[in-house]
Amino acid sequence: MSTAMNFGTKSFRPRAPDKGSFPLDHFGECKAFKETFMKCLRDNHFDNSLCRLQSKNYLECRMDNQLMAKEPLTKLGYKDLLAPPPPPGPADGDPKPAA
């Protein structure tokens with residue numbers, strides 16, 4: 001029976017973090033957004049419904065800096081804070097109505 005350890009047979013395969021977990025912001029890339037959100041929470045007695053715009057901005061910063069996985073903001077509950085799409089018109093390839 002051999003007791004030699006073979007460390008070279010297994011290779012480490014990194015995997016993405018589970019949904020809801022993400023790297024810390026070690027370089028402070030989103031610190032200003034976090035501070036704005038936290039100030040809003042303190043000013044509003046921690047009623048997060050009054051700070052949704054600030055939390056949306058913070059999450060967008062995290063996604064833009066690869067600190068969390070990109071997710072559509074509609075899936076994160078911010079559909080009502082998104083700008084409505086522009087109405088279709090001639091620029092969208094629709095023909096002009098006959099006069």
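Contact is taken here as heavy atoms within 4.5 Å. Helices (H or I, at least four residues) and strands (E, at least two) are DSSP runs, numbered from the N terminus. The structure is a predicted model in which local features need pLDDT of at least 70 and side-chain atom pairs count only at pLDDT 80 or more, whereas totals for chains, interfaces and linings use all residues. Residues are numbered from 1 along each chain as its sequence is written, and side-chain values use heavy atoms, with hydrogens and water left out.

Helix H2 spans residues 52-64. The helix has 13 residues and reaches 18 Å from its first C-alpha to its last, close to the 18 Å expected at 1.5 Å a residue, where the expected span is 1.5 Å times one less than the number of residues. Accessibility was classed with a 1.4 Å probe on protein chains only: buried means under 20% relative accessible area, exposed over 50%, and partly exposed in between. By these limits, Ser-55, Lys-56, Tyr-58, Leu-59, Cys-61, Arg-62 and Met-63 are the buried residues of H2. Helix H1 (31-43) is included in what covers them. After H2 comes Gln-66, which has a positive phi, near 55°.

A disulfide was assigned to a pair of cysteine sulfur atoms within 2.5 Å, and the count by this rule is two. One of these disulfides joins Cys-30 to Cys-61, with an S to S distance of 2.1 Å. Since Cys-30 lies in the segment before H1 and Cys-61 in helix H2, this pair ties together parts that are 31 residues apart in sequence. Cys-30 is buried, its relative accessible area being 0%, and Cys-61 also counts as buried, at 7% relative accessibility. The link of Cys-30 and Cys-61 is left-handed, with -95° about the S-S bond.

A disulfide also joins Cys-40 to Cys-51, again with S to S 2.1 Å. Here Cys-40 belongs to helix H1 and Cys-51 to the loop between H1 and H2, so the pair ties together parts that are 11 residues apart in sequence. Both Cys-40 and Cys-51 are buried, and their link is left-handed, with -95° about the S-S bond. With bonded cysteines counted along the chain, the disulfides of the protein follow the pattern 1-4, 2-3.

Side chains of opposite charge can pair when their charged atoms come close. A salt bridge was defined as a side-chain nitrogen of Lys or Arg within 4 Å of a carboxyl oxygen of Asp or Glu. A search of the whole structure finds six salt bridges. Among them is the pair of Arg-52 and Asp-80, whose side chains meet at 2.9 Å, N to O. This pair links distant parts of the chain, 28 residues apart, with Arg-52 in helix H2 and Asp-80 in the segment after H2. Arg-52 is partly exposed, at a relative accessible area of 24%, while Asp-80 is exposed, at 57%.

Another salt bridge is formed by the side chains of Lys-56 and Glu-60, at 3.3 Å, N to O. Both residues lie in helix H2, four residues apart, about one turn of the helix. Lys-56 counts as buried, with 9% relative accessibility, whereas Glu-60 counts as partly exposed, with 25%. The side chains of Lys-75 and Glu-71 also meet in a salt bridge, at 3.7 Å, N to O. In this pair Lys-75 counts as exposed, at 62% relative accessibility.
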